[in-house]
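Welcome! Here are some exercises, each with a worked solution to follow step by step.

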Amino acid sequence: MHNEKIAKSTSLISLSLIPFTALCVVTLLYIFLPVAINLASFLSVSQESVAQLTTCFGIFYAFGFLVWGALSDKFGRENIIQGGLLSLAIITFILPLYQNYGYLLLMRCLQGFFASSFPPVILAWLAENLEEKYRKCAVSLISCAFLLAGSLGQWFGSVMIETAINLSMYILGIIYVLSSVIFYFLSKKIIKNSVNQINQSPKKVSLIKTLCQIPNVLFDRKLIRIYGSALFVLMSFVALYLFINSFNSDISISVAQLRQIATLGMLVSLLSSWLFSKIAVTKILAISLMMMSITFAVHFLIIYRFIATNSLLPLVHLIYVSSIALAIPSMITCSSLFSTPKNRGVAVSLYTCILFIGASLGSLLPNYINMNFLVLFITAMLFIIGVSVAKLKQSISS
């Protein structure tokens, strides 16, 4: 009975601490999006250069997923989670010490790499250590936290960064340190009372061997459609907000209000587990991608006044973000569903890598490609891939 109470209390702490930490880690990706003008001013660089601070973070964040999962197999989940959070805290503390663009660019690369140590490893750790009745809830909450970072991370940046980035980085750095310390004691309690503790020892895993599996997984005829989806989902989201934040118009709703609507839409991800039990996951993904395609384009039609009324924008944005909130867990599920057991870890890591490469390109491409062409391209690709995913369901059932 005593062990059951300990297991319950530690599981409940996990359900609150870990999603909050996940939110604060992924916030780093989006924190500079709403303050590009401010950063350009006090760094004395162009807004295009400021966008590279997000792009470089996203690229190193994405490729880090391919490394940390394998390292956690070799050196232990807890060691990677604690070491990764402490390393991220150190980088985050020293990042604002010099207001020099080249220095900030280097620090953002390191920040992205160490930030990527948390999401994939914590998901694996939860699957191995949390009780079954709490596991699905924890994964759902963490997925929601990753999504909410897209809106709350921008809000945090807009509030905290006006003339300097110091305060925002110090607050986040403190959170990472405290999370690492709390997780250390939490993991000791959970593993001590876990029935699976026999399986907690590190395994002999070759990082090179794991990376060599990537080409076969990447070009799998089923998975490649999921990876195509992953590339364009966050690309569209980041590109849209980069455009809205820099667009000076008299549209009837502010960017802050759109972020509030986005936060509401992201909560739809909490319904994903229930929906998957009622509707085929490929059908949910296909519908989500096609709805994203349509509503992404409608945003620009409203902003460019091809559609006369601005009153539609809140509803359109809610549908768009809700579609993203369902697409993300759908792609995670499909990555596991269509991969072989021996390649499943690589398949999911590769999906996450491509997802955030898309986010990086979303902050980079608008600076080098005509926005009208980019909107048409993203709209078309989301719709085409959505149709392709719908056909994938038919081929599996046949």
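**Exercise 1.** Is S168 buried or exposed, and what is its relative accessible area?

*Solution.* Start with what you are looking at: this is a predicted model, in which local features need pLDDT of at least 70 and side-chain atom pairs count only at pLDDT 80 or more, while totals for chains, interfaces and linings use all residues. Residues are numbered from 1 along each chain as its sequence is written, and side-chain values use heavy atoms, with hydrogens and water left out.

Step 1: find S168 in helix α8, residues 166-192. Helices (H or I, at least four residues) and strands (E, at least two) are DSSP runs, numbered from the N terminus.

Step 2: check the accessibility. S168 has a relative accessible area of 0%, so it is buried. The cut-offs are under 20% for buried, over 50% for exposed, and partly exposed in between, with a 1.4 Å probe and protein chains only.

Step 3: look at what surrounds it. Apart from neighbours within four places in sequence, S168 is in contact (heavy atoms within 4.5 Å) with I31, F156, M160 and I161.

**Exercise 2.** Describe the protein as a whole.

*Solution.* Step 1: count the secondary structure, which comes to 17 helices and zero strands.

Step 1: consider burial. Of the 398 residues, 54% count as buried.

Step 2: turn to the contacts between residues at least 6 apart in sequence; 85% of these join residues at least 24 apart.

**Exercise 3.** Where is F63 found, and with which residues is it in contact?

*Solution.* Step 1: locate F63 in helix α3. Its relative accessibility is 45%, so F63 counts as partly exposed.

Step 1: list the contacts. Leaving aside neighbours within four places in sequence, F63 is in contact with C353 and I357.

Step 2: contrast sequence and space. F63 and G112 are 49 residues apart in sequence, yet 9.2 Å apart in space, C-alpha to C-alpha.

**Exercise 4.** How do α4 and α5 cross, and which residues meet there?

*Solution.* Step 1: recall that two packed helices are described by the angle between their axes and the distance between the axes. Axes are lines fitted to C-alpha atoms, for helices over the stretch in contact, and angles run from 0 to 180 degrees between N-to-C directions.

Step 1: apply this to α4 (residues 77-94) and α5, whose axes come within 9 Å and cross at roughly 165°. The two helices are therefore roughly antiparallel to each other. By definition, angles under 35 degrees count as roughly parallel, over 145 as roughly antiparallel, 65 to 115 as roughly perpendicular and the rest as oblique.

Step 2: name the hand. The crossing of α4 and α5 is left-handed; a crossing is left-handed if the near helix is turned anticlockwise from the far one by less than a right angle, and right-handed if clockwise.

Step 3: identify the residues. From α4 come G84, S87, L88, I91, T92 and I94, which meet Y103, M107, L110, Q111, F114 and A115 of α5.

**Exercise 5.** At roughly what angle do α11 and α12 cross?

*Solution.* Step 1: the axes of α11 (residues 223-246) and α12 (residues 255-266) come within 11 Å and cross at roughly 160°. That makes α11 roughly antiparallel to α12.

Step 1: the crossing of α11 and α12 is right-handed. F237, Y241, I244 and N245 of α11 make the contact with V255, L258, R259, A262 and M266 of α12.
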